[in-house]
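Here is a short report for someone meeting this structure for the first time. Have a look at the sequence and the model, then read on.

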Amino acid sequence: MRTQHEIGTRERIVRATSRLIQRQGYEATGLKQISQEAEATLGSVYHFFPGGKRELAVEAIGHGDREFAEFLREAFEREEDPAAALVACTRELAEGLRESDWLDGCPVTTAALESAGREPEIQQAAENAYENWRALVRAKLERSGFAADVAHDLAHSVINLLEGAELSAQVSRSTAPLEIAGRHLAVLVEAYRPR
């Protein structure tokens, strides 16, 4: 993994924004704090993101989208069976949350909730992320022989359950919600597995 100084200024700004929004939300994250976290000048933030905080938030959500998509891809490559892959995902999410002292939940949800009805660009970026993740789950299920319509519906259920379980795990400071979600996702996938 590259160090903070091996990453270009623009990328440092995006990553810092993504992490700050993930931990404290869009409203509580200021440009001055972003510049400090990114070890960049405030002028650099405005140079790369002349649209200000909203433009930067959209880019940060895109970063969170790509980060979680890569997490899903890796889990799906390690485990051939989709049920086993989903159980592995929930375990890894639980471990990551515990290691972050319950701070690093979904990189998109906090901003999505705060922006609902007020920030359409941010809300659209969040919906794009969710659709991207659903598409990855859908593709994994279809490669495993599930019919397209079944894979579509299951993908929605998977992402919905992962999002809710991750939030519940943060609130309760417990891995149990994600562990339970993993077991139930495996049962759900098995129930719809083509025979």
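Leaving aside its neighbours within four places in sequence, which residues is serine 18 in contact with? They are Ala60, His63 and Gly64. Contact means heavy atoms within 4.5 Å.

This is a predicted model, in which local features need pLDDT of at least 70, side-chain atom pairs count only at pLDDT 80 or more, and totals for chains, interfaces and linings use all residues. Residues are numbered from 1 along each chain as its sequence is written, and side-chain values use heavy atoms, with hydrogens and water left out.

## Helix α1

Serine 18 lies in helix α1, residues 9–24. Helices here are DSSP runs (H or I, at least four residues), as strands are (E, at least two), numbered from the N terminus. Serine 18 has 1% relative accessibility, so it counts as buried. Buried means under 20% relative accessible area, exposed means over 50%, and partly exposed is in between (1.4 Å probe, protein chains only).

Isoleucine 21 is also placed in helix α1. Its relative accessibility is 3%, so isoleucine 21 is buried. Apart from neighbours within four places in sequence, isoleucine 21 touches Tyr26, Thr29, Ala57, Ala60, Thr110 and Ala111.

The buried residues of α1 are Arg12, Ile13, Val14, Ala16, Thr17, Ser18, Leu20, Ile21 and Gln22. They pack against α2 (31–38), α3 (42–48), α4 (52–78) and α6 (109–115). An α-helix has 3.6 residues a turn, so residues three or four places apart point the same way.

α1 has 16 residues and reaches 22 Å from its first C-alpha to its last, close to the 22 Å expected at 1.5 Å a residue. The expected span is 1.5 Å times one less than the number of residues. Glycine 25 follows α1, and its phi is positive, near 95 degrees.

## Helix α7 and its partner α4

Helix α7 covers residues 120–143. At 1.5 Å a residue, its 24 residues should span 34 Å, and its end C-alpha atoms are 34 Å apart, which agrees. The buried residues of α7 include Ile122, Ala125, Trp133, Leu136 and Leu141. Among the elements covering the buried residues of α7 are α4, α5, α6, α8 and α9. Just after α7, glycine 145 takes a positive phi of about 100 degrees.

How do α4 and α7 pack, and at what angle? The angle is about 10 degrees, and their axes are 9 Å apart. That makes α4 roughly parallel to α7. By class, this contact has 14 nonpolar, three polar and five charged residues. Ala, Val, Leu, Ile, Met, Phe, Trp, Tyr, Cys and Pro count as nonpolar, Asp, Glu, Lys and Arg as charged, and the others, Gly among them, as polar. On the α4 side, the residues include Ile61, Phe68 and Leu72. On the α7 side, they include Ala129, Trp133 and Leu136.

## Two helix pairs

Axes are lines fitted to C-alpha atoms, for helices over the stretch in contact, and angles run from 0 to 180 degrees between N-to-C directions. Angles under 35 degrees count as roughly parallel, over 145 as roughly antiparallel, 65 to 115 as roughly perpendicular and the rest as oblique.

| Pair | Angle | Axes apart |
|---|---|---|
| α4 and α7 | about 10 degrees | 9 Å |
| α5 and α9 | about 170 degrees | 8 Å |

α5 and α9 are therefore roughly antiparallel to each other. Their contact has twelve nonpolar, two polar and one charged residues. Leu86, Val87 and Leu93 are among the α5 residues that take part, and Leu178, Leu185 and Val189 are among those of α9.

## Loop residues

Most residues other than glycine have a negative phi. Aspartate 101 has a positive phi, near 60 degrees. Aspartate 101 sits in the loop between α5 and α6. Its relative accessible area is 44%, so aspartate 101 is partly exposed. Arginine 173 also has a positive phi, near 55 degrees. Arginine 173 lies in the loop between α8 (148–172) and α9. With a relative accessible area of 46%, arginine 173 is partly exposed.

## Record annotations

UniProt, in an unreviewed entry, places the feature "domain: HTH tetR-type" at residues 13–59. Over residues 13–59 the chain is 74% helix and 0% strand. UniProt annotations may be inferred rather than shown by experiment; positions follow the numbering used here, and feature names are shortened.
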